[in-house]
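I opened my notebook to write down, one entry at a time, what I looked up in this structure.

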Amino acid sequence: MGGLYGRVCIEYHRSMTALETRPSDAFTNDRQFVFHSWSAQGALNPLVVAGAQGSWFWDDKGKRYLDFSSQLVNVNIGHQHPKLVAAIQEHAATLCTIAPFHANDARSEAARLIVEAANHDRDYGLGMVFFTNGGAEAAENAIRMARLHTGRHKVLTTYRSYHGATAGAITLTGDPRRWPSEPGISGAVKFWGPYPYRSAFHSSSDEEETARALQHLSEVLMVEGPHTVAAIALESVVGTNGILVPPPGYLAGVRALCDAHGIMLMFDEVMAGFARCGEWFAFQKWGVRPDLVCFAKGVNSGYLPLGGVVIGSHIADTFRDRPFPGGLTYSGHPLACASAVASINIFKEEGVVEHSRMLGEHIIGPALEALKAKHPSVGDVRGLGTFWAIELVRNRATRAPLVPFNAAGPDAKPMVELANACKAAGLWPFTHFNRMHVVPPCNTPVDEVRQGLAIIDEALSVADSYVTA
Ligand SMILES: Cc1ncc(COP(=O)(O)O)c(C=O)c1O
């Protein structure tokens, strides 16, 4: 090998070898050059991850962690699934990229499989897919479609929600991550969704919570003017803001309100979809028809960036003769789509949806109930599939949270100590406000799930030590 090409290759090889033999550079260069999400850059101490397999990952010193966070609740199929890795390698050798206006086998097949999954248990009238790079762009394009389809502007979302960090998606978001980006886009209106454990409506049963939450939403619609509302956008099961499973009848009630007023119902299933809730899509548990569905994360476990919108045929028809005014250079990226095809096929071959449902019903749900009986700091446990929350309190009678809403700094100390106890014992947890979420990969073997739950059981003594009554 000679000439410039040879020199470049040798240099490249040298730099790769250097990287491999000096792992500490990863940390130093990260601290110097990598600008991290959601963080003050000064005080970061990122773990240097050297590798991962299945439900485990390990750092550069060889310490192993059982991944009970699925990273950002996206690695639904576990790390380095050999068939998924092979499919990406194979497609990379064939076609790494092609512009979105060409047709391509990986993209076409991914769209077909996603539409099939969205209509898995019955025909919900979901007919086409618009691909994006992730969840936030899915939300942006879904509201664009709803607005153009209805000719209306407003979009209603709940206070306890997260929809992404781009301008529109962060404005739709209800949680405090929205505050620094306000005022954001126009036409975003918030309402309270159901949350039986901390009801905004002072309900004392699930039935009451459903009835009162729907009454509240209908009153918000009344004063906003229902004819001005393009869409109601909901996480079908609220994720980061609490794993809030809608009480029976709620989603059907929202559908009825949408039908009464010609409003589009958009389900954000970026976190809840693709086996996380023990269904292909969470809304299928309640059989409620959406007009638009946002997906990302679990569609290919984040092996490559991919998201999108599953579009109701009636909305897609709006754009048969009229151009859709939106697009992305990487919409339907072939490599990302090939990974989605492989991932969905693995879900089918290995029964990942069914395994996730089984884990929720027979392993995680009963184990969390036992933790609640044992630990005074556990106020509530809730969830389904591999999507669970342990809500921690200082006082079970008053339900005073273990740490305040949006706690930071010293206020957050009890949760930081709890997370550190888990990490020290070899479990990587997902914590948010006063909750620990139990969100391992959806295909985690039963013995590893039990191993993780045993670590959480031990660590909860840290939370118990803050209980006052
Ligand atoms: C429900 C929901 N919607 C949207 C998003 C945004 O997805 P992304 O980070 O891929 O833009 C997230 C991310 O956590 C999410 O949980």
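**Helix H4 and its neighbours**

I began with the buried residues of helix H4, and I found that they pack against helix H5 (105–118) and helix H11 (334–350); contact here means heavy atoms within 4.5 Å, and helices (H or I, at least four residues) and strands (E, at least two) are DSSP runs numbered from the N terminus. I keep in mind that this is a predicted model, in which local features need pLDDT of at least 70 and side-chain atom pairs count only at pLDDT 80 or more, while totals for chains, interfaces and linings use all residues. I also note that residues are numbered from 1 along each chain as its sequence is written, and that side-chain values use heavy atoms, with hydrogens and water left out.

Which residues of H4 are buried? I listed Leu84, Ile88 and His91, where buried means under 20% relative accessible area, exposed over 50% and partly exposed in between (1.4 Å probe, protein chains only). These three lie on the same side of H4 because they cover an arc of only 70° around the axis, the arc being that of the directions from the helix axis to the C-beta atoms. The face turned away from this buried side carries the exposed residues Pro82, Gln89, Glu90 and Ala93.

**Tyr124**

I next looked up Tyr124, which is found in the loop between H5 and S4. Tyr124 counts as buried because its relative accessibility is 2%. Among the residues that Tyr124 touches, not counting those up to four places away in sequence, I noted Ala118, Phe283, Val288 and Pro290. The C-alpha atoms of Tyr124 and Asp291 are separated by 8.6 Å, although the two are 167 residues apart along the chain.

**The second largest pocket**

I then turned to the second largest pocket, which holds about 480 Å³ of space. Of its 19 lining residues, the closest to its centre are Met128, Val129, Phe130, Phe131 and Ile311. For the term itself, I wrote that on a 1 Å grid over the protein atoms alone a pocket is an open set of points with protein on both sides within 12 Å along at least five of seven lines, and that lining residues have an atom within 4 Å of a point. A volume is the space filled by probe spheres set on the points, which are joined across faces, edges and corners. Strand S4 (126–132) and H5 each supply at least two residues of this lining, and the largest share, 5 residues, comes from S4.

Terms used
On a 1 Å grid over the protein atoms alone, a cavity is a set of points where a 1.4 Å probe fits but cannot get out, and a pocket is an open set with protein on both sides within 12 Å along at least five of seven lines; lining residues have an atom within 4 Å of a point.
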